[in-house]
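Colleague: I am new to reading protein models. Could you take me through one, feature by feature?

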Amino acid sequence: MKRFWFVKFMKIAVMILLFFSLASALVMVLWNALMPAIFGLVSITFWQAAGLLLLSKLIFGFGKGGKPGHQHGPPWKHWQHKWHNMPEDQREKWKQKFADKWCTGKHETEKAELKKEAD
């Protein structure tokens, strides 16, 4: 039974190494085809591409994780759902709070000036 798990582990490890090697080769080929021509950067080796791939995975993550049942959709979907379920008075309070914080009032003065010019 131990032999079965060892063989299964070795197969998975070989598949991971194979996938990582192919991904590194793809990064190297794409880098060497695009980056020197576009930005004037130097070409990289396979091991530099592997390091770059690993570094990017460490910085940006290894894919979608999280707890089962959590929403993985676009981030605005949460706020869109919240906005549509919000009572009208709360919406108005939120709009006013947002306007007080972010709007400089220029749009109101411009509207007033345009209205004076029209009259």
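Modeller: Start with exposure. Buried means under 20% relative accessible area, exposed means over 50%, and partly exposed lies in between. Take E88: its relative accessible area is 48%, so E88 is partly exposed. Keep in mind that this is a predicted model.

Colleague: How many helices and strands does the chain have?

Modeller: The chain has five helices and zero strands. Read along the sequence, the pattern is α-α-α-α-α.

Colleague: What share of the residues counts as buried?

Modeller: The chain has 119 residues, and 7% of them count as buried.

Colleague: Now charges. What is the general idea behind a salt bridge?

Modeller: Side chains of opposite charge can pair when their charged atoms come close. The cut-off is 4 Å between a side-chain nitrogen of Lys or Arg and a carboxyl oxygen of Asp or Glu.

Colleague: How many salt bridges does a search of the whole structure find?

Modeller: The search finds two. One joins R91 to E88, with the closest N and O atoms 3.9 Å apart. The other joins E92 to K95, and there the closest N and O atoms are 3.7 Å apart.

Colleague: Where do R91 and E88 lie?

Modeller: Both lie in helix α4. They are three residues apart, about one turn of the helix. E92 and K95 also both lie in helix α4, three residues apart, again about one turn.

Colleague: Is R91 buried or exposed?

Modeller: Use the cut-off. R91 has 18% relative accessibility, so R91 counts as buried.

Colleague: Next, rings. How do I read an aromatic pair?

Modeller: Look at two things: the distance between ring centres and the angle between planes. Centres must lie within 6.5 Å, and planes over 60 degrees apart count as edge-to-face. A search of the whole structure finds four aromatic pairs. One of them is F46 with W47, at 5.1 Å centre to centre and 80° between the planes, which is edge-to-face.

Colleague: How exposed are those two, F46 and W47?

Modeller: F46 has a relative accessible area of 25%, so F46 is partly exposed. W47 has 68%, so W47 is exposed.

Colleague: Why is the pair of W83 and W94 edge-to-face?

Modeller: Their ring centres are 5.5 Å apart and their planes meet at 70°, so the pair is edge-to-face. W83 lies in helix α3 (residues 75-84) and W94 in helix α4 (residues 88-102), so the pair ties together parts that are 11 residues apart in sequence. W83, W94 and F98 form one aromatic cluster.

Colleague: How accessible are W83 and W94?

Modeller: W83 is at 26% relative accessibility, so W83 counts as partly exposed. W94 is at 43%, so W94 counts as partly exposed as well.

Colleague: Last topic: pockets. What is the general idea?

Modeller: Rolling a probe the size of a water molecule over the atoms shows where empty space is left. Here, the largest pocket holds about 180 Å³ of space.

Colleague: Which residues line the largest pocket?

Modeller: The lining is made of I16, F19, F20, A23, L53, L54, K57 and F62. The elements that give two or more residues are α1 (2-39) and α2 (46-60). The largest share, four residues, comes from α1. By class, the lining has seven nonpolar residues, no polar ones and one charged residue.

Colleague: Can we follow one lining residue? Where does L53 lie, and what does L53 touch?

Modeller: L53 lies in helix α2. At 14% relative accessibility, L53 counts as buried. Leaving out residues up to four places away in sequence, L53 touches F20, A23, S24 and V27. Compare sequence with space: L53 and F20 are 33 residues apart in sequence, and 8.7 Å apart in space, C-alpha to C-alpha.

Colleague: S24 is on that list of contacts. Is S24 buried or exposed?

Modeller: S24 has a relative accessible area of 0%, so S24 is buried. S24 lies in helix α1. With residues up to four places away left out, S24 touches F46, A49, A50 and L53.

Notes
Residues are numbered from 1 along each chain as its sequence is written. Side-chain values use heavy atoms; hydrogens and water are left out. Rings of Phe, Tyr and Trp (its six-membered ring) pair if their centres lie within 6.5 Å; planes under 30 degrees apart count as stacked, over 60 as edge-to-face and the rest as tilted. Buried means under 20% relative accessible area, exposed over 50%, partly exposed in between (1.4 Å probe, protein chains only). On a 1 Å grid over the protein atoms alone, a cavity is a set of points where a 1.4 Å probe fits but cannot get out, and a pocket is an open set with protein on both sides within 12 Å along at least five of seven lines; lining residues have an atom within 4 Å of a point. Grid points are joined across faces, edges and corners, and a volume is the space filled by probe spheres set on the points. Ala, Val, Leu, Ile, Met, Phe, Trp, Tyr, Cys and Pro count as nonpolar, Asp, Glu, Lys and Arg as charged, and the others, Gly among them, as polar. Contact means heavy atoms within 4.5 Å.
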